[in-house]
Amino acid sequence: MVMPSIDLYCSALRKSKRVQPTKGIANIAKRERNRGAKQLDAFMKELALPLKGYMESFPRKRLLHPYERSLIDLTLGDGKYEEVLGKVDVLRKKVLSVGKEHASLCAKALSKKEAEERLNEGVEKLELVFQQQGRAVDDLLSIAKVLRAMPVVDLEMPTLCLVGAPNVGKSSLVRILSTGKPEICNYPFTTRGILMGHIVLNYQRFQVTDTPGLLRRCDEDRNNLEKLTLAVLTHLPTAVLYVHDLTGECGTSPSDQFRIYKEMKERFKDYLWIDAVSKCDLLGGSPVMYAKEDRSSDDAEIIKYRETGPDESIHVSVKTEQGLNELKSKVKEVLSNEMEKIKSGEKIDQSVGTC
């Protein structure tokens with residue numbers, strides 16, 4: 001828990017004012033400088049110790065799981081987390097420096113009046129330090145609230161990740177594949193909820209998650225939603241269910257979907273993989289092509305993809321339930337294999353972005 005900077009300051013000041021001089025000092029000047037030095041020392045510690053606690057309780061980013069590091073960067077911006085923690089530490093060191101300096105001056109006062117002046121000067125100086133640098137504490141409080149609101153993802157549990165262009169039908173398939181009702185995970189950098197469900201297979205739980213749709217563009221141009229998809233694929237123990245919409249109803253043409261698919265398949269080629277063609281009830285007879293495209297330069301591979309999708313893909317329809325049982329059986333097979341893969345200690349590191 002992080003206190004607002006004003007609350008931290010007022011609490012420290014209030015506690016320091018309760019500090020009494022050491023008993024038995026008869027000389028008024030000595031008693032006053034003792035009281036002033038002790039109060040300044042207490043004020044300094046009541047400010048510095050919580051700041052030290054914050055520094056120790058927030059995990060070092062380099063020690064976090066790569067997926068958690070990705071979420072922090074996507075949420076706060078690259079480097080913001082370390083920057084704020086650094087500023088809090090600078091504030092802590094400044095408080096210690098100023099507090100020790102003025103407590104020492106107060107302890108050397110020659111009269112009751114001078115001791116009182118040194119005490120007031122020390123309090124004013126510490127107040128000025130907090131006015132100038134206390135914003136770091138409030139920034140850390142904001143970060144704490146954001147991190148507490150993050151969805152909890154089991155970083156070691158095998159995950160079935162549904163990938164594809166936007167609006168191809170991933171969310172509908174998550175609901176169908178999940179054992180029970182999927183949860184809606186809300187991430188701070190988007191207002192769109194992302195479905196996270198679970199599949200129970202032979203007493204083993206697996207995660208199944210929707211991911212934001214990918215568009216045909218370079219990694220450098222991707223938004224945070226697309227980067228979240230890549231973070232899931234890159235850092236979680238993942239099997240892929242790639243969803244294709246050959247009708248183009250999703251708004252992304254089949255040829256663009258094909259190029260996105262080829263890029264992802266090449267990047268994550270070592271992953272266990274299932275291909276599903278959604279909305280196949282719209283493909284019978286003369287399908288309506290919602291996304292217009294120029295086919296004049298199509299090669300044979302794209303032509304074949306537009307007609308049937310990838311080789312060995314499962315054609316499904318949520319509306320007619322066509323292919324759903326076959327898909328569920330394939331998902332169980334792939335997740336069982338993914339579990340064995342994890343148990344065998346195989347690790348995959350696919351962290352290189354391509355354009």
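**Close-up views of a predicted model**

**View 1. Helices α3 and α8 pack against each other.** Helix α3 (residues 66-76) packs with helix α8 (residues 224-235) at an angle of about 170°, their axes lying 9 Å apart, where axes are lines fitted to C-alpha atoms over the stretch in contact and angles run from 0 to 180 degrees between N-to-C directions. That angle makes α3 roughly antiparallel to α8, a term used for angles over 145 degrees. Pro66, Tyr67, Ser70, Leu71 and Leu74 of α3 meet Asn224, Lys227, Leu228, Ala231, Val232 and His235 of α8, contact meaning heavy atoms within 4.5 Å. These contact residues divide into 7 nonpolar, 3 polar and 1 charged, with Ala, Val, Leu, Ile, Met, Phe, Trp, Tyr, Cys and Pro counted as nonpolar, Asp, Glu, Lys and Arg as charged, and the others, Gly among them, as polar.

The model is predicted, so local features need pLDDT of at least 70 and side-chain atom pairs count only at pLDDT 80 or more, whereas totals for chains, interfaces and linings use all residues. Residues are numbered from 1 along each chain as its sequence is written, and side-chain values use heavy atoms, leaving out hydrogens and water.

**View 2. Helix α9 and what covers its buried residues.** Helix α9 (residues 254-267) has 14 residues and reaches 20 Å from its first C-alpha to its last, close to the 20 Å expected at 1.5 Å a residue. Its buried residues (under 20% relative accessible area, 1.4 Å probe, protein chains only) include Phe258, Ile260, Tyr261 and Met264, and their cover includes α8, β5 (238-244), β6 (273-277) and α10.

**View 3. Arg306 in helix α10.** Arg306, found in helix α10 (residues 300-308), is buried, with a relative accessible area of 11%.

Technical notes
Helix = DSSP H or I, 4+ residues; strand = E, 2+ residues; numbered from the N terminus. Buried < 20%, exposed > 50% of the residue type's maximum accessible area, 1.4 Å probe, protein only. Parallel < 35°, antiparallel > 145°, perpendicular 65-115°, else oblique. Expected span 1.5 Å × (residues − 1).
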